[in-house]
Amino acid sequence: MRIHYNLGCLLLFLLTSISTFAQSNTITGTVSDEQGMPLPGVNVIVKGTSNGVQTNFDGEYSIKASEGDVLVFSFVGMKQSEITVGSTSIIDATLKQDLAQLDEVVVTAVGIQRERASLGSATTTVNSEDLTRGSQSNIADALKGKVAGVNISAASTDPGASSGVIIRGISTMGGSNQPLYVVDGVPINNGSAYSDNLGGGYDFGRGSQDINPDNIKTMTILKGASATSLYGSRAANGVVIITTKSGQAGKLAVELGTTTFFNTISRTPNYQSTYGQGWDFVHRLNENGSWGPRFDGKPRVWGNVVDNSQRLKPYLFQENQLENFFDTGTFFQNNVAVSGGNENSTVRLSYSNLQQDGIYPTDADSYDRNTIGLNAQSHIGKLKIAGNLNYVNTEGASVATGQGLTVLNNLLQIPTDLNLTEFKDYNNKFNNISNYYTPYGVTNPYFTLNEDGSDYQKERVYGSMEASYEVNDWSTFTYRFGLDQYTDKTRYWTAIVEAEPGSPNDGSSTEQPGSYFENAQMVKQLNHDILYDINLDVSEDFTIQSTSGFNYNIRKNNYMSASVGSQDLFGFYSLSNSGENPQASSSTSERRLYGLYNNTTFNYKDRLYLTGNIRNDWYSTLPQENRSVLYGGVNASWLFTKSFEGISDILNYGKIRAGYGEVGVDTDPYQINPVYVAGSADNQGFGNLNFPLGGVNAYEVGNRAANPNLKPERRKEFEAGVDLEFFKSRISLDFTYYNAKVENQILSLPLAATSGYTTQTANLGQISNEGIEALLKLAIFRNSDGFGWNTAFNFSTNDSRLEKLDDRLNQVALGGLSTTSLVALEGQPLALIQGSVPQTTDDGQIVVDSKGIPIAASTKEIYGDTQYDYTLGFTNEFSYKDLSLNFTFDLREGGLMYSRTADITRFVGNSVTTMYNDRQPFIVPNSVQQVIADDGSIDYVENTTRVSRGNMDDYYSATALSRSTVIDKSFLKLREVVLSYNIPSKLIDKTPLDNLSVSLIGRNLFLWTPESNQFIDPEISTFGTDLRSQFGEFSANPSTRSIGFSLKTRF
Amino acid sequence: MKKLINIFFISLLALTSCSDDLDINTDPNTPQEINKGLALSAAQGSIATVMGGELFNLGGMYAQFYTQAPSAGQYDAIDQYNLDTDYANRLWTELYAGALNDLEYVKDQATEEGDTGTFLIATCMKAYTMQYLVDIFGDVPYTEAFQGNANISPAPTAGKEIYLDLLSKIDQAMASYEANPVNSTVGQQDLIYAANMDQWVQFANTLKLKMYLRMANTSEANSAAVTELLNEGNFISENASFTAFTDATSKRNPYYEVQIQALGDVNDVASNSLLEYYFRNGDPRLEAVFKPNTDGEYIGIEQGIGILQEPYGGYQAQEFARPDIQPTTPVYFMSLPESSFLQAEAYARYGSSDMAEEKYNEGVARSFELLGLSSAKAMELTADGAAYDFNESGSFDDQLKQIINQKWAALANVNNIEAWIETRRTGYPELTTSDNPSYEDGRRIVSLASVLPGDQMPASIYYPDNEVQRNSNLTQKPNLLQEVWWNQN
């Protein structure tokens, strides 16, 4: 039905727009601001008609109008101006800055529009221009460095990989910390399709990246609970409110944009260049490491003897060994949008296509996305009908991360003297599976790259429809329906790795029977909102705006997966290509939510504002007794520059604000009742024994104990801040302090297995987040001769802490590995890395074993926390006439992360960090050996055993020294550089184009990291993009730097 | 305002009429009810996975059937007697929260239904499992365990008390079954004996014998009970084994699935302690227990030497003989040879040498049969003057040594953890120095990679970290040298 309506609307619009071309005189002119700077993009419309145009980059317009018509000039942040057409055909207009510029309208919760001045909590609005300047394909990436207090982490720069957004720190250990995304008033799914399987992880992105940034008009980030409580539980981590572009009244406008990027590898681990292939200081030709002798440059044979022949090469370091493996990746994105309309109806239709191929040779890492969006609205008397519909289709392929036979793991274990491109022909007799130089659990990376793989397909439809009726001049009734539905399918496979009988690699651990996995998922969300808005002028000085509403939300998920652990035919991948019966599983889940809410703002003389929120939710996921949850918030703001207008020469805008709010948070479905589960037994962590067996099925008592008393989590947040603008807004400062607590953390309580159960979903602790966000903008030059220089500093700190933890639990395990893990401890910053340390004596001396290598202490210790101490975004924008240069630095200081890239390159002796004492034998400083008497008593004597050259590898991979695999994740990045040129309109006068701009864009051009990080770009993670990602990376694919250009035009 | 009121009214109406609409929190992916047969199968699967997987590997190393290969290092910590405190997390959880908790469910259901047969099966399985927990860990939670939320920190019960209680629980279950012999209704869902109650009674008797012999060196030794069991003579007549494996992912023999399928057969190689024993005695079990290296030879290494630098640096596992476990090799809970050797020891200890010899010879023969070898060859080896000839006139200690050495050789690849526990109880095969082990006599050495002082060897293993962290009533032991109750003094 909605589609029909929109098509009808389009026709209507086309008809009306044709009729508007019947005007006679052409009026031209320039629109500028008070300083005389031309204003591009100003809407110029003949009042009372649908005849409208926009000014070009030089502020010029041309419109047909008759004498007596009134031209209306309007622009965001400027006071609207009306000029009646007289006898002259040139009409220049000057728009004055709207002194209450900040009466700018902000879309807040449930689509409620409020003046910015009235907001008592920190909100940040990013407009279309800022979002699309860098031509990012993913809205989360487009926000990077632009919003204070928001931490955006990309899992990787792999094509289509997800980016996570965490606002004001970690607020829940058990659930998601991602914000709620609301598009045109309707929540959409932001689930992530990734696997952190250590032996083959992948990431196919998040729901939010199905939104085409070019379709976004504004994006507003609501951070505090006092602002977000209207969305209920789902807004506890903040809300990203997206308003999409709608058609603009006026003539038919076509926007075109095209972007091309070239991506290259930006960082590889730093290798030592002194020692080559071998182990224990012996030049063994089958070793997957560089523990061999010192390079001598002499010709030596290498690899296996095949058919009585062997290859020869000089024993030398290979410069840029890893870089040589990778290609230049490409990225192409094209957008087109058509829009128009008249005063009553507008419509916009957009299409975008994105094609990306990553830096791995072949198209094993790629991402394609097509989006189609239709947006239309119409006023029919007192009724407004609006709707939008989006179809998104994505396809991706990714190269598995992790250990085992993954491409990168194969690569990182190649000795520093072997030339990777030698392996390219992986069917060559020296390079094939049978004769590849090493049998030790790795194989030819080109084989893995070409034969293993994965793919992902997703079809998504989302949109909303809305009907609102102006009941009278002070109230409106609205019904809004939202739908978001997608199906996706993920497949991944590994090839049969089989060496010929009798060949060097026959019987080695590298051999694998192949595998195939497939899953399909259907995710659906339905959302109904009924709203009643009141806008009452009680007196001249006192107004009330109020919204009451009812929300009904349903989310459903159906999942099916099947896999086989072997493949029969080589090169064909399927469930049926196996002697095994597939292992299959399926699940379905559904949750529902009812909410009843009110939001009311009292406005006194446009300077004092008080807003109250109240909401009651009923959750299907909680026990009946705890199902109904009431909460709310209050915030106030005072625009004190209106009260003391005398100071406006210095301080032209000043606002103080404060707010307090609470939000209830429920949990996933099916957490409270006991369950029986399919019979299965954990087999040493390498899989399970699964029933049915021998035709007998089994069910067992599940390991999760019931919890009929589960309560919702409750977030309580206080915030206060100021927004100040000095010297006609040349300096502006937004500053916010916040302090949030999330009580009754819903977590899985680990139970002692002897109780008969291993977990219970329980309320276990309290998290606090305290921090500041500051945004300082300086307009350093703003001269009318055309030169401008704007600078912005975007600073934030956040301290997440696990304030309290239930007595039954001494720490919360959040993920990681057995030697090094991610944990939370009471009273400590949230997410700590814990790992093995050397055993020491009471005097702090290190205890070593008989090889002189430190022994691990029996208890693990905390290495430190994973939080950044602060983050700073630094943006500069230089402009001169039609040229502008914009660049953003991103500085993040502090925090630790685990790096498996560090771990493995140290284990195999490739890393430059394995060069202590130039690999000559050494005694671990301040070390002792323990002597155990027969009676069990322990004594210590000074250690005189040097770590021998043969034991050097054992030293670098000693459990006791696991700390070396954890690095400081601080960095400074030149995140984005954009050089733009707007082609002067006189050059395109003869073309149908209204404007044309060209940009040269660079991303991640430079990366500085501290000494301890000789390995990776510290932003990457293989553990998703939420709390667990804080742990670090497990052989993540390398990150990229990009250079490209974009072209945008409009006619 | 009327509209406003209307909206609230409509909304409230929607809420009240839809309160059932929120009652959707029952997991549709799992059943709401199960039955005792399904749970019994699951429990047996859990026990088979632990006995045939993690404990099979640990026992294989500690009984010195296998040792860690050079060029790999998955089990260095085991072979060095340097286990981490988190080593047993998974097996402990699988037994307590998996098998044993399911068996509680089976017992409850069986009691409710008056099914004395199934109750006896579940009681036997529980006693069998609990005994291993005591034998491996020492004092463990028992009387306070399996109470869910009611007790999340079950205090440990003394091993001796657990043993005595298990024995009395078996007796009670047998008595109720005999008083009211309801055959178990679980049928094929019993993956050991297909609910054949006669065989379960035999299992109960054999298990009791095993427990009494474990206690033989303690003040709880009970010769009368043993004699009564011998007189009745109703021991297992068929291996108590879990055979339902197929060659498919997650359905294979658990040791095979991990060692050979997942890890690539690169860690466990033949230890000379066992390989040389078979080899030097001309025992054909050599070629049934082990598979040869890539050159077709049966070469083992000294226990623990693979971890050291010399002399095998760079050698791969395929260059040595390795345990020959197949995807569908059964997991033996109790085997016929084990039963014979238990009886042999019981006769040697409390009865006649003649009967001891008969059972000893029977044990060797049954071991050959279990491995698919001819029992004639076994009889050759046990014939007068042959390598395994029983010394019927020897002292009890001499006879015990022979019986346990043979039991050890018979348990390889069959029940490795049982073999290790018996070495601890009896001290056989004897420990000797590594320079002249004369393996044909049945000898073990201290792992050459041991981190323990002197000639000490693990006497039990650490409680798992997970349990110690979550159970405030359980304290970790200081080291691996803590003896379990039947080995104290």
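A residue is called buried when its relative accessible area is under 20%, exposed when over 50%, and partly exposed in between (1.4 Å probe, protein chains only). Welcome to this predicted model, in which local features need pLDDT of at least 70, side-chain atom pairs count only at pLDDT 80 or more, and totals for chains, interfaces and linings use all residues. Residues are numbered from 1 along each chain as its sequence is written, chains are lettered from A and ligands numbered from 1 in the order in which they are written, and side-chain values use heavy atoms, with hydrogens and water left out.

**View 1. Chain B and its interior.** Of the 489 residues in chain B, 62% are buried. Chain B holds 18 helices and 10 strands; helices (H or I, at least four residues) and strands (E, at least two) are DSSP runs, numbered from the N terminus. Its C-alpha trace spans about 105 × 60 × 40 Å along the principal axes. Contacts here are heavy atoms within 4.5 Å. Among contacts in chain B between residues at least 6 apart in sequence, 74% link residues at least 24 apart.

**View 2. Chain A as a whole.** The C-alpha atoms of chain A fill a box of roughly 105 × 70 × 65 Å, taken along the principal axes. Buried residues account for 58% of the chain's 1051 residues.

View 3. Look for 3 strands in the order β4-β1-β7 of chain A, with mixed pairing. At the edges sit β4 (60-64) and β7 (93-94) of chain A, each pairing on one side only. Two strands count as paired if DSSP finds at least two bridges between them. Strands of a sheet pair through backbone hydrogen bonds, either parallel or antiparallel.

**View 4. Where β1 meets β7 in chain A.** Strand β1 (residues 26-32) of chain A runs parallel to β7(A), and 2 bridges join the pair.
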